[in-house]
Amino acid sequence: MSEIFRPYERLVEITVLGKTLEVPEKNTVLRAFQYISPETIPYGRFCWNQECQYCKITCQLPDDDEARPMLACKFHVVTGMVIIELAPELVWCLRSKLVVSPGSSAGRAAPAIPSSTLAATQED
Ligand code: FES
């Protein structure tokens with residue numbers, strides 16, 4: 001599966017809806033999501049070429065003053081980036097990876113996936 005990803009030498013930390021994850025550097029955010037969830041992202045309704053907008057995220061970059069919207073299929077992973085919003089298709093594809101199990105001692109915040117967002121996604 002490594003040929004799916006652009007060559008990388010290390011994993012970098014990003015935060016997605018409050019959960020810290022390690023993903024391959026030098027890859028797009030959508031490819032990083034595929035690394036996290038290889039069983040769902042390839043089957044999502046993603047065009048992978050900046051047309052469908054199903055990969056929209058809102059992200060706070062370490063050197064930026066405010067969060068901004070971007071396309072996960074276009075933007076590359078940046079160490080320390082904090083993704084605070086995901087398009088419904090991404091929420092649906094990543095839902096099982098962003099749930100913190102009860103009693104987890106990781107000290108990381110639970111993801112803020114509104115149940116209404118999940119319900120709306122499931123009806124699509
Ligand atoms: S996957 Fe279609 S715009 Fe990003």
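Two notes before we start. This is a predicted model: local features need pLDDT of at least 70, side-chain atom pairs count only at pLDDT 80 or more, and totals for chains, interfaces and linings use all residues. Residues are numbered from 1 along each chain as its sequence is written.

Let's begin with the overall layout. The protein chain has 3 helices and 5 strands. Helices here are DSSP runs of H or I with at least four residues, strands are runs of E with at least two, and both are numbered from the N terminus. Reading from the N terminus, the order is β-β-α-β-β-β-α-α.

Now the sheet. The 5 strands form an open sheet, in the order S2-S1-S5-S3-S4, and the pairing is mixed. Two strands pair if DSSP finds at least two bridges between them. At the edges are S2 (19-24) and S4 (68-71), each pairing on one side only. On average, neighbouring strands are turned by 40° against each other, direction ignored. The axes behind such angles are lines fitted to C-alpha atoms, for helices over the stretch in contact; angles run from 0 to 180 degrees between N-to-C directions.

Take S1, residues 11-16. Which way does S1 run against S2, parallel or antiparallel? Antiparallel, with 6 bridges joining the two. One example is Thr 15, whose bridge partner in S2 is Thr 20. S1 is also joined to S5 (residues 82-86), by 2 bridges, and that pair runs parallel. There, Val 16 has Ile 83 as its bridge partner. As a reminder, strands of a sheet pair through backbone hydrogen bonds.

Next, helix H1, residues 29-36. H1 packs on the sheet and touches S1, S2 and S3 (56-60). Its direction makes about 105° with that of S2. Contact means that two C-beta atoms, placed from the backbone, lie within 7 Å.

How many residues of H1 are buried? 7 of the 8, so H1 is largely enclosed by the rest of the structure. A residue is buried if 20 or more other C-beta atoms lie within 10 Å of its own, exposed if 12 or fewer, and partly exposed in between; again, C-beta atoms are placed from the backbone. Among the buried ones are Leu 30, Phe 33 and Tyr 35. The buried residues of H1 pack against S1, S2, S3 and helix H2 (88-94). Over the protein chain, with its 124 residues, 25% are buried.

That brings us to the core. A nonpolar core is a set of buried Ala, Val, Leu, Ile, Met, Phe, Trp, Tyr and Cys residues joined through C-beta atoms within 7 Å. The largest one has 25 residues, and Phe 33, Ala 72 and Leu 90 touch the most other members. S1, H1, S3, S5 and H2 each supply at least two residues. H1 gives the largest share, 5 residues. Leaving aside neighbours within four places in sequence, Phe 33 is in contact with Ile 41, Ala 72, Leu 90 and Leu 94.

Last, two loop residues. Most residues other than glycine have a negative phi. Leu 17 has a positive phi of about 50° although it is not a glycine. S1 and S2 form a hairpin with 2 residues between them, and Leu 17 is in that turn. Leu 17 is partly exposed, with 19 other C-beta atoms within 10 Å. Gln 50 has a positive phi of about 70°. Gln 50 lies in the loop between H1 and S3. Is Gln 50 buried or exposed? Exposed, with 10 other C-beta atoms within 10 Å.
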